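This report concerns side-chain interactions: aromatic pairs, charges over rings and salt bridges.

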Amino acid sequence: LPSLAVAPQAVTFSPSTPQKELSLATTVNVGCSGFGSGSSLSSAGSSAGSSAGSSSGSGSGSSSTGSGSVASSTAGSSSSPSPSPSPSPSPSPSPSPSPPPAASPSEPASTTTPLSTQEDSSKKVVPAKKNKKEKKKKIASPKLAVGTVIGIEPWNGIPALARRVRWHLSGKEGVYRYGGDGGRYDIGHVEVNEKETRVRKRHPHPETAEQCASRYGFGKGKRCSVLLRLSRHGAHCQDDPSEFMHKGILEWPDFGAGILVDCRFHTDGAMTITEQELLFGSKDSGWEARFGQPSFIPGTVMVISPTAGSSEEGTDAQSSQYEELLGSWSFVASTLRNRKDGGKVRVTSEMHLVRSRRSASEEDDFHPSAQLTAGIPSGPAPLPPPIRLDQDFHAPSIALSCDGRTATCITADGRGTAFAATGFTKGAHYWEVKIEQADVGSIFIGVAEKPSLPSSGGGGSSFGFDGNKLGRWLGMGFVNFRATYTAGAERVYGAHCHNGDTVGVLLDCDAGRISFFFDGVKYGEHILNDLGCAFENNSPFGFNADGCGSGGAGQGAPSGAEPGRGGRFPSNGAVRLKALWPVIGLRTPGDRVTMSCKWMTSVGVDGTSTLRNVMAVDQILRRYEQPMSSPLPDWFVDESYKEYERWRSGRWLRAQSRGSGSHPLGCIGLDVDVDTSPIACASACASLGLKTALLSRDRVAIKRSAGRMLELSEEAVILGACQGRLYYQIVSQKSEGGALSEGGGRAWFWDESEVVDGGIQVIGKGLGLSVELPLLERFKCSAEGGLRIVYSGGAVVRSDLEIIDGSANIGTIPHGTVIPRADVLERRINSCGVVRYKVKYESISQGWISSKIRGGKEEKIVELLSTLSPKERHDELDEASSDEDDEPKPGNAKNDGTEDKTRAFLCANDVARYWYSEYLKAMDDDAQVPSDNNAEWA
């Protein structure tokens, strides 16, 4: 082992050592630079070194304290060295009295003359000539206090943070800190000459665990994105049958990992998430920012509870279809210590989880008591929240809206990039971006690997992105002038896109392919076109270079990875996990795009699950070689029965969606299994705010798409519901294009902005028997006092929900006007994410007003009045009493004008259950007995 020069707390030397040499020994400061023959002794923070500043080669200088103690630790330590917690022998000999001080050899030698010579003053005294060849006597250098490391010891329970040293001068041993107590060093690594009198080389201290964790962002505020996916099947908890448990996958795109979790749902609405094991991702590297160490630590428990507020900006709880769960957890970093006092380091984290609003009834959608024998929930899965842009990761030239869905270019400072707050590492994912305003070639839509910020330390992007410069287009994407763009290279691809068009992005992480979908209008015709594969070899895992992993569906598209030296791609060989994030690029001031609420995602197949499936199949096949008496595995029988019940119900239908891609057999894709049951379709229709339910096999005429009216209507058939969305398939277009064969005939779903003002009309008699569907509270004005115009310029009233050129300006409501709640007819969110109210006002019959100004500071236009004045309450009661309709309205109002709290629906599943009971009554009235399947669906 190499020698170590040490600086113990009190080092004394034997009295036989000359005082001049003692002065040299006391200036030994481990960690200082410049120590050696003929060089000046620098202290680097050592008080002992500064008290005896002299040149060691010349032998000049004054002595320091008589005890000769070294009072300072090495460079990089702010306190004196401390011994081991356990008793250890002293590495230095016992103290002894210091000899009296001697004259310094650097002083000139004084000359003396005989007494007789002094008396004879008449004689001239001639001084003796000095011998030029006489040399100064060389003083021997003392041995340094050095020792040899003979063992690596723990310090305060942390291994390998101390060293056991045997001293050469005394032969004794001691244990000293070497990175312990938060990165303190009592000793340093040096190389000395054979006589151990001079230091030849001084090695720097190694990086401590605290420094490494800090370099990767530990200890600094960091916001990470997570995705929680829950399985359909659940089970009651053994300790409390009223609570139930579900398996799930918690994805951390910032770490490129997915974790198997247990989610326990409590009766009060809270949820406990326990991380079990790592499904995919790096297990032993890259986790410094979260755990303070490179390896993953399982067993983290997070408890989150619903909050009273809304997750949407400027929206109250009743008007939001999403709810936010908030929780925190903490743990002690086992391998880190505080440098100030050597104490333990506690890490505290918070989690904000946004999910669809849950059912208020006792039988929750995911509760086992509400599941069929096949283990499928009776209601649809929760509606996923929309993808939003990251408020902390965009160029200064781009301004984001408060809700994070809209990006606007405000300055002409190059090509700015904005990253989404959600990234992907595994599976297939599809999302859409609406182009509101753009010049030709000024919009970039694609994916990129998020560059590292300076605070996150090393690592960086595998393609060399600079985290300080987001003023250029990063990654791979599509430009709206019929081209793809990556690393400054352009290639002809796709179609021209203009204002009002929608561009879909399909990212297949498992196959490593990126493709785009076009939904727009050209020459009055609605065009739906799958543009095909744009990039290949882009898997975050890197197992798809040179065509491998493309699933046999390669189309000769360019590789998204730039070739390095030797003509090899980064994905050839070195596999470093990464995540790809949706990005938006803007160039010209005034350009504006919006992230649509329409998107799909799937987890894909990870390596661990694939290996388990292979072993399970092998277990089944081995049973065929055994005697027939050996039974099949229990899990196989259970899953087979569930699949049989699923098939027997006749409830499910599989269809290809826009996310399936042009080669559905080339990858898993995003095929959907829609639920054709009436209650599932009614729940999806309630989420859209429809007044009647559209059931599977109903035929409708589509007159509005992607925020604009179509000149030629289209005919579609209702397929069913999936994740709270109503899916349809276009079967007829009155146009000359071949949109149906190029991707337009795939299944897709509506949002609430596409069904207003006759956007969808039923052809013939619907299967829902015209049973009225109650309206959710979020489609109404939630303020009892109505709306007040607070913007100084008033509220502009338009004829359409969308703020486009085709929407006429029909008037302005002045500042300070109060619109009663009875005159607020409807509340909607348009395709650009703006909350709009449909109102009645004096000379203006009906029209739409916005809740806030778009862009800038987004000033409020209207204010919600929570309470009514006595006069306003009296006027509202008088207006309600004059109503000729004596029947209570199915949504929620009584004859006296007051709200019926028992009919206030906040969740779409509650509306579906109420509608289904009325639907069964209507079937009985028509003498139609429901089948067993319909009863089972209830």
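F478 is buried because its relative accessibility is 2%, buried meaning under 20% relative accessible area, exposed over 50% and partly exposed in between (1.4 Å probe, protein chains only). F516, at 1% relative accessibility, is likewise classed as buried. The model is predicted: local features need pLDDT of at least 70, side-chain atom pairs count only at pLDDT 80 or more, and totals for chains, interfaces and linings use all residues. Residues are numbered from 1 along each chain as its sequence is written, and side-chain values use heavy atoms, with hydrogens and water left out.

Rings of Phe, Tyr and Trp (its six-membered ring) pair if their centres lie within 6.5 Å; planes under 30 degrees apart count as stacked, over 60 as edge-to-face and the rest as tilted. F478 and F516 make a tilted pair, with 5.7 Å between centres and 40 degrees between planes. This pair joins distant parts of the chain, F478 being in strand 21 (residues 476-479) and F516 in strand 25 (residues 513-522), 38 residues apart. Strands (E, at least two residues) are DSSP runs numbered from the N terminus.

W635 and F636 form an edge-to-face pair, at 6.0 Å centre to centre and 80 degrees between the planes. W635 is partly exposed at 33% relative accessibility, and F636 is partly exposed at 26%. Elsewhere, a cluster linked by ring pairs comprises W252, F255, W287, F291, F296 and F331.

Charged groups also lie over rings, a term that requires NZ of Lys or CZ of Arg within 6 Å of the ring centre and within 35 degrees of the ring normal. K450 places its charged end over the ring of F393, 4.8 Å from the centre, while R646 lies over the face of W652 at 4.6 Å from the ring centre.

Salt bridges number 38, each defined as a side-chain nitrogen of Lys or Arg within 4 Å of a carboxyl oxygen of Asp or Glu. The table lists examples.

| Salt bridge | N to O distance |
|---|---|
| R164 and E153 | 3.3 Å |
| D181 and R177 | 3.1 Å |
| R699 and E715 | 2.8 Å |

R699 in strand 31 (residues 699-705) and E715 in strand 32 (residues 708-722) are 16 residues apart, and their pair links distant parts of the chain. R699 is partly exposed, with a relative accessible area of 37%, as is E715 at 25%. Through shared partners, salt bridges join E153, R164, R166 and E173 into one network. D181 is buried at 12% relative accessibility, and R177 is buried at 4%.

Terms used:
Helix = DSSP H or I, 4+ residues; strand = E, 2+ residues; numbered from the N terminus.
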